[in-house]
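Here's a quick tour of the covalent and charged side-chain links in this one. Have the viewer open as you read.

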Amino acid sequence: QVQLVESGGGSVQAGGSLRLSCEASGYILSNNCMGWFRQAPGKEREGVATLRSDGSTIYADSVKGRFTISEDNAKNTLYLQMNSLKPEDTAMYYCAASFFFPDCGLARKWYNYWGQGTQVTVSS
């Protein structure tokens, strides 16, 4: 019954912006740790941003100052605002949820549920 569905990906030019959405069902999103991950061809999946249930956030150094993770409790939806996009941001982006740990981070081990992914392509 737990389900995460990402949307909002697409193709943009360098310097542009996108907002990714993760619609959650089957649980209250704000009661759990949530994260955004990305995976480029030939590379391992890496953590991009984390939002804990206490409201604190963690960002990968590569996106700090450009990306913002947030949530809309009324819509039970997680967002990733992506500004000043670079070609190296090109990847499949995934939403993830953690149900068992009081605190989560950028490592994949914290997360129990994953969305199907949405593709982001940034051209120069």
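## The disulfide

Cys-22 and Cys-95 are joined in a disulfide, with 2.1 Å between their sulfur atoms. The pair bridges distant parts of the chain: Cys-22 sits in strand S3 (residues 18–25) and Cys-95 in strand S9, 73 residues apart. If you care about the torsion, it's -75° about the S-S bond, which makes the link of Cys-22 and Cys-95 left-handed. Keep in mind that this is a predicted model.

Both ends are out of the solvent's way by the numbers: Cys-22 is buried, and so is Cys-95. The disulfide count comes to 1. As for other cysteines, Cys-33 is buried at a relative accessible area of 2%, and Cys-104 counts as buried with 2% relative accessibility.

Now for the charges. Side chains of opposite charge can pair when their charged atoms come close. Searching the whole structure turns up 5 salt bridges.

Which residues does Arg-38 pair with? One partner is Glu-46, where the closest N and O atoms are 2.9 Å apart. Another is Asp-89, whose side chain meets that of Arg-38 in a salt bridge, also listed at 2.9 Å from N to O.

## Asp-103 and Arg-52

Asp-103 forms a salt bridge with Arg-52, and here the closest N and O atoms are 2.0 Å apart. Asp-103 lies in the loop between S9 and strand S10 (113–114), while Arg-52 is in the loop between strand S5 (46–51) and strand S6 (57–59), so the pair ties together parts that are 51 residues apart in sequence.

The two ends fall into separate accessibility classes: Asp-103 is partly exposed at 36% relative accessibility, whereas Arg-52 is buried, with a relative accessible area of 18%.

## The network

Which residues end up in one network? Salt bridges that share partners join Arg-38, Glu-46, Arg-66 and Asp-89.

Note on methods: Residues are numbered from 1 along each chain as its sequence is written. This is a predicted model: local features need pLDDT of at least 70, side-chain atom pairs count only at pLDDT 80 or more; totals for chains, interfaces and linings use all residues. Side-chain values use heavy atoms; hydrogens and water are left out. A salt bridge is a side-chain nitrogen of Lys or Arg within 4 Å of a carboxyl oxygen of Asp or Glu. Helices (H or I, at least four residues) and strands (E, at least two) are DSSP runs, numbered from the N terminus. Buried means under 20% relative accessible area, exposed over 50%, partly exposed in between (1.4 Å probe, protein chains only). A disulfide is a pair of cysteine sulfur atoms within 2.5 Å.
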